[in-house]
There are 2 protein chains.
Amino acid sequence: MRSRLNIGLFGFGVVGTGLYEVLNKSKLLEARITKIVVKDPTKKRGLPAEAFLYDKDAILKDDSINVVVELINDSEAAYAIVLEALKNGKHVVSANKKLIAEHLEELIATAKENNVSFLYEAAVGGSIPIIRNLEEYYNNDSLSSVQGIVNGTTNYILTQSNHGVAYEEALAKAQELGFAEIDPTLDVDGFDSKYKLVLLIKHAFGLVVEPKDVFNYGIRNIKPQDVKYAGEKGYRIKLFSRAEKLGNDIVGFVAPHFVKSDHFAYQVDNEFNAVVVEALFSDKQLFIGKGAGSYPTASAVLSDISALQFDYQYEYRKSIGNENVNFQDDFYLKAYVGSQFIEAINTIPFYRVDEVYQSETYNYQTGWVRFEDVKELDLNQLPDLSFIVLPDAFVAANQPEKLKSERIQYLTEFEL
Amino acid sequence: MRSRLNIGLFGFGVVGTGLYEVLNKSKLLEARITKIVVKDPTKKRGLPAEAFLYDKDAILKDDSINVVVELINDSEAAYAIVLEALKNGKHVVSANKKLIAEHLEELIATAKENNVSFLYEAAVGGSIPIIRNLEEYYNNDSLSSVQGIVNGTTNYILTQSNHGVAYEEALAKAQELGFAEIDPTLDVDGFDSKYKLVLLIKHAFGLVVEPKDVFNYGIRNIKPQDVKYAGEKGYRIKLFSRAEKLGNDIVGFVAPHFVKSDHFAYQVDNEFNAVVVEALFSDKQLFIGKGAGSYPTASAVLSDISALQFDYQYEYRKSIGNENVNFQDDFYLKAYVGSQFIEAINTIPFYRVDEVYQSETYNYQTGWVRFEDVKELDLNQLPDLSFIVLPDAFVAANQPEKLKSERIQYLTEFEL
């Protein structure tokens with residue numbers, strides 16, 4: 001029943017190198033990398049120069065190759081490769097979350113039209129088999145939320161922050177350890193987490209959401225004073241990708257959150273990733289594993305290749321019958337807004353204020369804000385402001401009475 | 001591609017009732033319970049009496065039924081039902097770990113001969129999809145260990161113990177909350193954990209091990225003084241089912257362990273289950289979910305039924321090519337042995353002693369013991385003795401030099 005897999009590999013970085021070693025050494029898999037295409041002929045690699053080709057058609061137009069594994073960094077080039085591979089009737093395994101999130105609908109349709117598989121477990125949660133589990137296992141249980149730490153780089157930096165290390169220093173260390181990707185902006189501003197969230201939303205709730213419609217705010221602006229606040233309240237700061245049912249609709253975004261010590265994420269440190277799936281019958285399920293690095297990624301790619309031996313395809317069963325479910329932004333959440341400048345805090349309108357703190361060097365305010373108001377702002381570009389979600393359930397827009405007041409309050413300077 | 005499933009259900013306890021409600025209400029599944037067979041005609045149930053049948057042949061000999069879901073407590077009766085159902089060409093879903101562990105080889109062979117599926121995700125780890133993940137996902141990664149808290153009852157009791165509640169009181173509360181099964185001995189003496197371990201070993205390492213060959217020691221004998229020791233050292237006590245590679249072979253057993261605060265299990269409390277899978281590429285993966293109760297079990301049964309729609313079968317791929325791998329007992333581990341009586345402690349021969357503590361009311365000794373020596377004893381039947389594994393890696397029998405001394409030391413009474 002196993003299909004013999006002849007693999008064409010694009011890219012030969014750490015993941016590709018690891019994959020090559022495993023496929024050559026292991027006899028478990030009826031799979032072999034027969035061609036490798038890379039971009040730069042001058043780069044030193046772990047195999048002799050004659051092992052490499054430089055023309056993508058060497059793989060894409062080779063009928064003996066039935067699987068394309070795409071592991072290159074350039075997501076636009078990757079898009080062209082993946083699309084053509086699918087059109088040429090080849091199964092595709094990719095770890096490129098940006099490419100997949102931005103072209104999800106087209107790629108799924110193309111794979112279906114050509115009756116091939118398009119698998120991307122390595123694109124979300126590193127070694128955690130979250131896509132497969134959402135796809136297979138929670139198929140008939142009523143899912144209420146998916147929430148996770150899905151970016152190892154920012155989790156590593158935040159772990160350092162929680163121990164008092166400055167942001168720049170922590171970022172440099174993450175890059176040195178190989179946790180940080182080529183462009184740190186994608187990580188630290190929450191874009192990478194957003195692309196992954198888009199994939200989670202598809203497999204958890206069956207919705208295709210455009211990355212541009214999902215709010216992402218990262219960790220670049222978090223100040224030592226915010227960490228101090230967290231410490232005083234017994235919180236830690238974690239960057240969450242989260243999506244959940246609110247009424248009949250789905251809400252979701254990427255933002256830093258304060259978490260209490262009894263929260264699953266409190267202990268998930270360094271490059272580890274964690275995803276919690278909440279469902280009616282199975283209740284909360286937590287998956288934890290290494291999210292960054294070549295081995296966890298190679299492990300996930302390998303699992304996809306293995307599944308191809310058995311003609312595995314994602315079925316996207318949750319996309320059936322949810323035509324009336326929308327992705328929406330009209331709800332309230334409880335947040336902390338901190339800044340050295342009171343006018344910066346006033347950028348964010350509050351619907352209820354719970355706490356106000358002012359001092360000569362730092363100020364903060366906590367309370368309820370309307371997500372639609374926040375979403376209009378490009379918070380990543382407001383370096384003076386820290387916006388961190390507090391651990392309270394969302395309030396749907398049609399229940400504003402839960403907030404006791406609809407009056408927008410602004411902070412005014414105290415006499416110091 | 002979906003098969004229409006007509007289900008014959010055996011047993012109508014909390015899990016069966018929940019399952020019936022879901023299958024009747026949900027339109028996601030092309031599955032319907034068409035007959036229910038129960039044992040006791042006089043028992044009050046959530047459906048009118050005419051919904052029930054009392055003769056197992058009503059299901060087993062009905063050709064219109066293609067799936068048998070077995071949810072009864074009597075594992076011998078369940079064995080007869082499952083075996084005949086498989087022989088009659090029906091797929092079987094069961095949550096009965098004792099039945100499955102004791103007849104694993106025969107049941108797998110019978111399912112294969114009759115070209116039907118035999119699925120049992122609900123038998124291990126409640127709602128955690130651990131069997132499916134071992135089966136599907138870690139297929140090509142070199143697995144080094146599987147370790148978990150797979151019994152919610154004992155984890156609930158131990159959580160209470162760690163908070164100072166006496167054993168009997170905690171057990172009574174667990175039963176009241178429905179976490180404890182009909183015969184608590186199966187739980188508290190580690191039998192339930194052992195049956196589950198047998199299934200984990202099969203799916204993780206491809207080995208069929210007889211339950212009688214696996215050592216199980218539970219939590220019945222743990223004393224407040226042992227909990228006090230744990231507290232002083234920063235440990236908590238957890239009951240582990242564990243199996244791991246040691247050289248080319250597999251070792252495994254069920255016993256209470258001390259865990260440090262940085263161990264995955266430290267925070268896994270109450271009825272929660274947790275399993276860690278360690279593998280070469282994916283490193284450590286942790287799965288946490290609710291292990292006891294009707295909903296988590298129903299959720300897992302439902303996932304198996306759902307998989308049957310797509311003709312899913314376990315492939316037991318790890319059983320191929322491991323003919324030279326043995327389950328063996330010849331290794332050293334580090335342990336704590338406590339008792340009111342010094343002669344009780346001396347029941348266990350030590351190969352190296354690290355700590356000795358004596359007082360008027362309690363004594364303990366820590367150090368290295370040979371697992372073969374421990375396995376000979378029925379520790380569950382030695383109420384004066386506490387045996388708890390300390391957090392150190394095993395030492396293979398062919399490396400005794402790591403223990404520095406092979407001399408067996410016994411505790412002698414100090415002058416008090």
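Predicted model: local features only at pLDDT ≥ 70, side-chain atom pairs only at ≥ 80, totals over all residues.
Reader: Why are α7(A) and α8(A) called oblique to each other?

Author: The axes of helix α7 (residues 152-162) of chain A and helix α8 (residues 167-176) of chain A come within 9 Å and cross at roughly 135°. Angles under 35 degrees count as roughly parallel, over 145 as roughly antiparallel and 65 to 115 as roughly perpendicular, the rest being oblique, and α7(A) and α8(A) are therefore oblique to each other.

Reader: In which hand do they cross, and which residues make the contact?

Author: The crossing in which α7(A) passes α8(A) is right-handed. On the α7(A) side the contact is made by A:Thr153, A:Tyr156, A:Ile157, A:Gln160 and A:Ser161, and on the α8(A) side by A:Tyr167, A:Ala170, A:Leu171, A:Lys173 and A:Ala174. By class, the residues of this contact of α7(A) with α8(A) divide into six nonpolar, three polar and one charged.

Reader: What makes α3(B) and α5(B) roughly parallel or roughly antiparallel to each other?

Author: Helix α3 (residues 75-87) of chain B packs on helix α5 (residues 104-113) of chain B at an angle of about 20°, with the axes 8 Å apart. Since angles under 35 degrees count as roughly parallel, α3(B) and α5(B) are therefore roughly parallel to each other. Their crossing is left-handed, and in it B:Val82, B:Leu83, B:Leu86 and B:Lys87 of α3(B) meet B:Leu107, B:Thr110 and B:Ala111 of α5(B). The residues of this contact divide into five nonpolar, one polar and one charged.

Reader: What makes β3 and β6 of chain A the edge strands of their sheet?

Author: The sheet is open, with six strands in the order β3-β2-β1-β4-β5-β6 (chain A) and parallel pairing. The strands β3 (52-53) and β6 (118-119) of chain A each pair on one side only, and are the edge strands.

Reader: How do you know that β1 and β4 of chain A count as paired?

Author: Two strands pair if at least two bridges are found between them, and strand β1 (residues 5-10) of chain A and strand β4 (residues 67-70) of chain A pair in the parallel sense over four bridges. As an example, A:Gly8 has A:Val68 in β4(A) as its bridge partner. Across β1, β4, β5 (91-94) and β6 of chain A lies helix α3 (residues 75-87) of chain A, which runs at about 155° to β5(A).

Reader: How do you know through which surface the copies meet?

Author: Of the interface residues of chain A, 100% are also interface residues in chain B, so the copies meet through the same surface. The contact involves 31 residues of chain A and 31 residues of chain B. On the side of chain A that touches chain B, β11(A) gives the most, with eight residues, and the residues of that side divide into 13 nonpolar, 12 polar and six charged.

Reader: What pairing does β11(A) make with β11 of chain B?

Author: The pairing of β11(A) with strand β11 (residues 283-290) of chain B is antiparallel and runs over four bridges, where at least two are needed for strands to pair. Within β11(B), B:Ile288 stands opposite A:Leu286.

Technical notes: Residues numbered from 1 in each chain as written. Chains lettered and ligands numbered in written order. Axes fitted to C-alpha atoms, helices over the stretch in contact; angles between N-to-C directions. Helix = DSSP H or I, 4+ residues; strand = E, 2+ residues; numbered from the N terminus. Left-handed = near helix turned anticlockwise from the far one by under 90°. Contact = placed C-beta atoms within 7 Å. Nonpolar A, V, L, I, M, F, W, Y, C, P; charged D, E, K, R; others polar.
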